[in-house]
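This briefing looks at how parts of one protein chain pack together. Please look over the sequence and the model before reading on.

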Amino acid sequence: MPNEEFKFSNRRIKKIVDIDLIEVKKYRECFTKLNQRFDRSEQRIPDIWLYERQDIFCIGEVIHVRRKMLGMTMEELCQSICSKDTLQRLEHRKKSPQQAIVWELCRKLHLSPESERTELLTTSPRARKLEKEIRYGANEGKFEENLVLLEELKTLIDMLEPINQQWILRTEGMAKYKTQKISAKEYENWLEQAIKCTLSLLTLNFPENRECYLTNAEMVCIYHLSLLYVEEDFQKAYKKIKLWLRMEQKFEETENEKNHIRSYELYMHYWSEILYKMGKYELSKQYIEKTISVCLQTGRINLLDTLLYDWMRNIIKLQKINSAELTEKDYDLKKDLQYDLIISQFCKNTMQEKFLKNVLKDIF
């Protein structure tokens, strides 16, 4: 009997291995095709954490730009943390101070010192788990469930911490707006309050000739605020969002998209979405193509399925406008939708996966 069990286990293991190999082959073929489609070699470079000392953009420069942006003097920033000389050496990349000093400087500038994929400052494992559940729940439209989870989360984190306040206000505001518990105007107030946790609203009109640095959380707040204006006033939407659009040029001039990919892919996606809503389909498509190429190069794929669908959406719009002259030669929508479905499965984006399956079923 034991031998039979062992044989059965081996057969079962072999079956699982075979399935895994089939899945790996499917994913590999998909990524190979996408790399060819977007003219990107498959040589990957490592994902660099935003604050890691690398090339021009390092924590010293981030601290310097953020301090200037918030109008703080060196004396004000380093008070009770470190000496002015230490801060000067850090900002000029001449010194790497103790991690504790860097963390305190970051927190005073409302920058998260966490290297993990989180926007909350907490040491609670349960809080981190809830944050992920809420994020994934929003992707699947589970806003009622998120409101319940948020109440528990509030009891586990420091609600006096501005970074935590910002995340809660943005996330809870969206859940209430999506469940029609608050109006668009009330949601706008929630987003403005979220931004004010770490920035003055006056910062949204920051001079274009001066450098700025925004966190992902701040960019998300500004983006959703802009979306509220898109349908009624494109100029107002653009005015809100242009604060972080200037970051693109500097990142690309120094070829540092790969180092700031967590910011770069996010704001490029948001900007292409705004352009799409404004009817600028060709320009939106170009931005998406550039972003997909960078994501493939760096192996950052958590937005790839969304970007790929948005890219197809622009192509379809352009084809309808220019029906006599297709924008993509021999374009195969079904094949690209299938690639996108594979990417969503690889990323475990269940909401996008269900959506794409329905699209394929309805169209084909």
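How many residues does H7 have, and how far does H7 reach from its first C-alpha to its last? H7 has twelve residues and reaches 16 Å, close to the 16 Å expected at 1.5 Å a residue. The model is predicted. In the protein, the secondary structure comes to 17 helices and zero strands.

**The protein overall**
- The protein has 364 residues, and buried residues make up 47% of them.
- Of the contacts between residues at least 6 apart in sequence, 65% join residues at least 24 apart.

**Helix H7 and its neighbours**
- The buried residues of H7 are Phe143, Asn146, Leu147, Leu149, Leu150 and Leu153.
- These buried residues pack against helix H6 (125-139) and H8.
- As background, an α-helix has 3.6 residues a turn, so residues three or four places apart point the same way.

**H7 against H8**
- Two packed helices are described by the angle between their axes and the distance between the axes.
- For H7 (residues 143-154) and H8 (residues 162-178), the axes come within 9 Å and cross at roughly 150°.
- The cut-off for roughly antiparallel is an angle over 145 degrees, so H7 is roughly antiparallel to H8.
- The crossing of H7 and H8 is left-handed.
- On the H7 side, the contact is made by Phe143, Leu147, Leu150, Glu151, Leu153 and Lys154.
- On the H8 side, the contact is made by Trp167, Ile168, Thr171, Glu172, Met174, Ala175, Lys176 and Lys178.
- By class, the residues of this contact of H7 with H8 are eight nonpolar, one polar and five charged.

- Isoleucine 182 lies in the loop between H8 and helix H9 (184-196).
- Is isoleucine 182 buried or exposed? Isoleucine 182 counts as buried because its relative accessible area is 13%, and the cut-off for buried is under 20%.
- Leaving out residues up to four places away in sequence, isoleucine 182 touches Gly173, Lys176, Tyr177, Tyr187 and Trp190.

**H16 against H17**
- Helix H16 (residues 333-346) packs with helix H17 (residues 350-363) at an angle of about 160°, and their axes are 9 Å apart.
- That angle makes H16 roughly antiparallel to H17.
- The crossing of H16 and H17 is left-handed.
- From H16, the residues that meet H17 are Leu333, Lys334, Leu337, Gln338, Asp340, Leu341, Ser344 and Gln345.
- Their partners in H17 are Gln352, Glu353, Leu356, Lys357, Val359, Leu360 and Ile363.
- The contact of H16 with H17 has seven nonpolar, four polar and four charged residues.

Definitions and conventions:
Residues numbered from 1 in each chain as written. Predicted model: local features only at pLDDT ≥ 70, side-chain atom pairs only at ≥ 80, totals over all residues. Heavy atoms only, no water. Axes fitted to C-alpha atoms, helices over the stretch in contact; angles between N-to-C directions. Helix = DSSP H or I, 4+ residues; strand = E, 2+ residues; numbered from the N terminus. Parallel < 35°, antiparallel > 145°, perpendicular 65-115°, else oblique. Left-handed = near helix turned anticlockwise from the far one by under 90°. Contact = heavy atoms within 4.5 Å. Nonpolar A, V, L, I, M, F, W, Y, C, P; charged D, E, K, R; others polar. Expected span 1.5 Å × (residues − 1). Buried < 20%, exposed > 50% of the residue type's maximum accessible area, 1.4 Å probe, protein only.
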